[in-house]
Amino acid sequence: MRWNACAVVAVAAAVGLAAAGCARHEAPAAVTVRWVAGHTAPAFDPDGPPDPLRISLERLLSRGLAERDSSGLVRLVAAESAWTAPDGRSLTLRLRPGLRFTDGTPATSEDFRAALLAGLARDDHATRAWLLGAVAGLERVRAGRPLPPLGIEAPDPRTLVLRLARPDPELLAKLASPGVGAPFRRRAGASWSGAVGLGPYRIAAEDPGRSLTFVRSDSCAPRRAAADTVQVRFVIGAPRTRLLLRHGAPDLVWPLPPALGAVPLPAGYVVQRLEAWPPRRLMLVLRADVPPTTRLPARHALVHALNREALLDALGERAEPNEEWLEGAGPFDFPRLDASEVRDWLARGRLGASFHVVLAYDADAAAAEVARALQGQWAALGLYAELRALRGADAVAEPLRAAAAQAQLVAVQAPLPGAAAELATLVMPLRGPAVGAVRTGWRTREFDPWISPGASGASLDAAAAQARLAEERVAVPLARLPWVWVARAAAGPVVRFAPACGPELARP
């Protein structure tokens, strides 16, 4: 009897294990995220100027050596270790074993080296060159010319060495900037359908300009896919987006098209927000290299004709007031609306009773919410602006062109936290194109010790720098722009946002 009882227990345990085994191997339900992007489809360009939507899509396809997590800490991703030489003159990174592109091709240190070198000599922006400014030989890079020998080496398939002209304690944090060093099999001239990276997703289908379908492909990726399929549909305008929301089609709407918040959302959807870090700002840029805003009185006249409160009202829940501009500088004293100041600056600059500028902006972004209001404020005081609404490649290229609209409404986010990095996006380098997404046209040597490639690392007086920016009026921060998106209120995939770059559809 005792043996029989034991046998019964053993059989029951075996059945239980079998059942547990079946349950364990049962395929989980597939997760699909339906993402509506209320913006023109960006072109695949992993070395292009900062563009949150494009970067978010590219991050689905490939990841770099390191990333900054939601707490602000830098974490290694494709690299498994990083070692700085005692003298600070080199950084050695060891790649994770088994890295492969989503087409099965091994990813080696040479691929990461090529990713870091790509885009250093672009003639539209110098963001990557600024981030890697400490690398030996970077001072000889010239826009539009072949690269000179640089201190970026791949001595073996899993080792990458960056040799530096000077120590840079922030180099690993710079490598963690979104899009920096993410390898692709092809970069220049590739379409989305031809974009092959490390994963965690790959492109399954592309309807050019209308939609992209990403599917899970994370067997060797340094990040895992959070969904099996991500369907991205590009939709222009609030009416079409609201129609899709009424039918319950999207799980996520981001970026939001202009005027989407003018009427209540359909039942089942909520607006969510997260503070962007580094801060994103809607900036009015007054080009210091395009007449008539080359003249300081013209810039001051335009700024004193602004009613910031009315502009913030037009932005609604998309924006927050700017209490501080440069980090650590204290409150920013926004110029007051003052008709007598406008007349005074017109007289000082011998500009006559009025003058004319062109105001350019992205027709699919937050700037479109305020462009007409801003035009009306200027017109009320005899300053006339011709609106230039742009989309797609033109909206990305216009703020960086040497000959462009005198006034630009642009969302600006520094590549790194801190006052020096934000200042670098506003002061033009001594030679070459701008750092970041917009060209101010303002060149000065006074901030070289903090923002030049050979910066000494000395502490920046943020308050003095902010006061200097206020004097020049080459840029005025109209508002802070947190990440704002629409999501399902209850059931449905949960999409997290990364403070630095928007939607995060991957996990460690």
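This is a predicted model: local features need pLDDT of at least 70, side-chain atom pairs count only at pLDDT 80 or more; totals for chains, interfaces and linings use all residues.
Trainee: OK, how many residues of strand E15 are buried?
Mentor: Seven of the eight in E15, residues 355-362, so the strand is largely enclosed by the rest of the structure. Buried means under 20% relative accessible area with a 1.4 Å probe, protein chains only. Strands are DSSP runs of E, at least two residues, and helices are runs of H or I, at least four, numbered from the N terminus.
Trainee: And which way do E15 and E16 run?
Mentor: Parallel, with eight bridges joining E15 to E16 (residues 383-390); pairing takes at least two DSSP bridges. E15 also pairs with E17 (residues 407-413) in the parallel sense, over three bridges.
Trainee: What stands opposite Ala-360 in each?
Mentor: Arg-388 in E16, and Gln-408 in E17.
Trainee: Switching topic: where is His-304?
Mentor: In the loop between helix H7 (296-303) and helix H8 (308-315). His-304 has 7% relative accessibility, so it counts as buried.
Trainee: Which backbone oxygen does the His-304 side chain reach?
Mentor: The one of Arg-336, at 3.1 Å. Leaving out residues up to four places away in sequence, His-304 also touches others, including Pro-335, Leu-337 and Trp-345; contact means heavy atoms within 4.5 Å.

Definitions and conventions: Residues are numbered from 1 along each chain as its sequence is written. Side-chain values use heavy atoms; hydrogens and water are left out. Buried means under 20% relative accessible area, exposed over 50%, partly exposed in between (1.4 Å probe, protein chains only). A polar contact is a pair of N or O atoms within 3.5 Å; within protein, one must be able to donate a hydrogen and the other to accept it, and residues adjacent in sequence count only if both atoms are side-chain atoms.
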